[in-house]
Amino acid sequence: MNTIDTIKEQISNNDILIYMKGSPNAPQCGFSARSVECLMKCGQRFAYVDILANPEIRAELPKYANWPTFPQLWVKGELVGGCDIITEMFESGELETLIKDAAPSAE
Ligand SMILES: N[C@@H](CCC(=O)N[C@@H](CS)C(=O)NCC(=O)O)C(=O)O
Ligand code: FES
């Protein structure tokens with residue numbers, strides 16, 4: 001499968017998905033660490049892709065998403081944003097609402 005198809009499949013198969021550097025338990029960058037901490041506090045399971053272990057995705061996703069950096073949070077097939085947006089939405093309470101609505105238990 002080519003990289004763009006892999007990305008499309010990941011995004012459509014995972015309602016809450018973060019592309020990040022490292023893993024939720026071992027983030028490899030402060031932006032990813034802060035973002036994943038906000039997500040974890042929302043209390044729902046989420047999927048992740050470590051872009052450091054997947055260089056093709058690191059290269060192709062910014063073009064596909066039209067978003068230049070990581071992390072990238074995707075919810076229900078749509079790009080929510082990066083660390084700044086995730087942090088702001090967490091602080092306002094919007095992130096928790098979005099994540100709870102997207103989680104399987106809320107369907
Ligand atoms: N302001 C950005 C910060 C993220 C950022 O600057 N990420 C950089 C450094 S980790 C990045 O992804 N660079 C491209 C790359 O490393 O592939 C946000 O809100 O997410
Ligand atoms: S890896 Fe250096 S800022 Fe993210």
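This is a predicted model: local features need pLDDT of at least 70, side-chain atom pairs count only at pLDDT 80 or more; totals for chains, interfaces and linings use all residues.
**Exercise 1. Overall fold**

Task: State how many helices and strands the protein chain has, and in which pattern they follow along the sequence.

Solution: 
- Step 1. Counting the secondary structure of the protein chain gives five helices and six strands.
- Step 2. Along the sequence these elements run α-β-β-β-α-β-α-β-β-α-α.

**Exercise 2. Dimensions and packing**

Task: Compare the radius of gyration of the protein chain with that of a compact globule of 107 residues.

Solution: 
- Step 1. For 107 residues, the globule rule predicts a radius of gyration near 13 Å.
- Step 2. The protein chain has 13 Å, so its value agrees with that of a compact globule.
- Step 3. Along the principal axes, the C-alpha atoms fill a box of roughly 35 × 30 × 25 Å.
- Step 4. Of the 107 residues in the protein chain, 39% are buried.
- Step 5. Among contacts with a separation of 6 or more, 60% join residues 24 or more positions apart.

**Exercise 3. Cysteine 29 and serine 32**

Task: Locate cysteine 29 and classify it as buried, partly exposed or exposed. Then do this for serine 32 and list its contacts beyond four places in sequence.

Solution: 
- Step 1. Cysteine 29 lies in the loop between strand 3 (26-27) and helix 2 (30-41).
- Step 2. The relative accessible area of cysteine 29 is 23%. Buried requires under 20% and exposed over 50%, so cysteine 29 is partly exposed.
- Step 3. An unreviewed UniProt entry places the feature "binding site" at Cys29.
- Step 4. Serine 32 is in helix 2. Its relative accessible area is 0%, so serine 32 is buried.
- Step 5. With neighbours within four places in sequence left aside, serine 32 is in contact with Met20, Lys21, Pro27 and Pro71.

**Exercise 4. Helix 4 against helix 5**

Task: Describe how helix 4 and helix 5 are placed relative to each other, and which residues meet.

Solution: 
- Step 1. A pair of packed helices is described by the angle and the distance between their axes.
- Step 2. The axes of helix 4 (residues 83-92) and helix 5 (residues 94-102) come within 4 Å and cross at roughly 95 degrees.
- Step 3. Angles of 65 to 115 degrees count as roughly perpendicular, and helix 4 and helix 5 are therefore roughly perpendicular to each other.
- Step 4. From helix 4, Ile86, Met89, Phe90 and Ser92 meet Glu94, Leu95 and Leu98 of helix 5.
- Step 5. The residues of this contact divide into five nonpolar, one polar and one charged.

Key
Residues are numbered from 1 along each chain as its sequence is written. Chains are lettered from A and ligands numbered from 1 in the order in which they are written. Side-chain values use heavy atoms; hydrogens and water are left out. Axes are lines fitted to C-alpha atoms, for helices over the stretch in contact, and angles run from 0 to 180 degrees between N-to-C directions. Helices (H or I, at least four residues) and strands (E, at least two) are DSSP runs, numbered from the N terminus. Angles under 35 degrees count as roughly parallel, over 145 as roughly antiparallel, 65 to 115 as roughly perpendicular and the rest as oblique. Contact means heavy atoms within 4.5 Å. Ala, Val, Leu, Ile, Met, Phe, Trp, Tyr, Cys and Pro count as nonpolar, Asp, Glu, Lys and Arg as charged, and the others, Gly among them, as polar. UniProt positions are given in the numbering used here, feature names are shortened, and annotations may be inferred rather than shown by experiment. Buried means under 20% relative accessible area, exposed over 50%, partly exposed in between (1.4 Å probe, protein chains only). The radius of gyration is taken over C-alpha atoms; the globule rule is 2.2 Å times the number of residues to the power 0.38.
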